[in-house]
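My notes follow the order in which I checked them.

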Amino acid sequence: MWRTSSKNSNDLAENNVTLGTYSINTIIPQTKTILFGDNVNFDYPSSGKLTVQLKDYNDNNLANKLVTFSSNSSDQNASPNTVYNVTTDSEGKASIIMNYNPVQYTVGVYYGGDELYEPVNATFAVSVGGTL
């Protein structure tokens, strides 16, 4: 937007022209997000599957979003702590297959957000029964 002004259009000596450039920054608020999923129970040596679904607060599935799964356990017999990065499918779903030793685990799931959607995290319990 340009602005000009003058004191006296008939006398050039009195004219003062001020030019300026103005910008407007538009801020689009991020939409809240939700991670849905269930705790998982399975017996060793079988594998288990943890599936989460990423949606916005308007119940829309969020496809092609990177979700990070981070598993850990403080038990000395646990499988090593691992991190998986998975992209959501067209239904907003992302899954990991777990081949874990028989102990209790916690799996944290995190979506980092983007310019349109807020970040969100959730924690799930994974219980692996049986013996090594």
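I began with the contacts of Thr 88, taking contact as heavy atoms within 4.5 Å. Leaving out residues up to four places away in sequence, Thr 88 touches Leu 54, Leu 62, Ala 63, Asn 64, Lys 65, Val 67, Lys 93 and Ala 94. The model is predicted, so local features need pLDDT of at least 70 and side-chain atom pairs count only at pLDDT 80 or more, while totals for chains, interfaces and linings use all residues. Residues are numbered from 1 along each chain as its sequence is written, and side-chain values use heavy atoms, with hydrogens and water left out.

I then placed Thr 88 in the loop between β5 (82-87) and β6; strands here are DSSP runs (E, at least two residues), numbered from the N terminus. Is Thr 88 buried or exposed? Thr 88 counts as buried because its relative accessibility is 3%, the cut-offs being under 20% relative accessible area for buried, over 50% for exposed and partly exposed in between (1.4 Å probe, protein chains only). I also found a polar atom of the Thr 88 side chain 2.7 Å from the backbone oxygen of Leu 62.

Next I looked at the sheet. β1, β3 and β6 form an open sheet of three strands in the order β1-β3-β6, with antiparallel pairing; two strands pair if DSSP finds at least two bridges between them. β1 (33-37) and β6 are the edge strands, each pairing on one side only. From one strand to the next the twist averages 20°, with axes as lines fitted to C-alpha atoms and angles running from 0 to 180 degrees between N-to-C directions. I counted six bridges in the antiparallel pairing of β3 and β6, and Leu 50 has Ile 96 in β6 as its bridge partner.

I listed the contacts of Met 98 beyond four places in sequence, among them Val 40, Phe 42, Leu 50, Val 107 and Val 126.

Last, I checked β2. β2 pairs with β8 in the parallel sense over four bridges, and Asp 43 stands opposite Gly 129 in β8.

Terms used:
A polar contact is a pair of N or O atoms within 3.5 Å; within protein, one must be able to donate a hydrogen and the other to accept it, and residues adjacent in sequence count only if both atoms are side-chain atoms.
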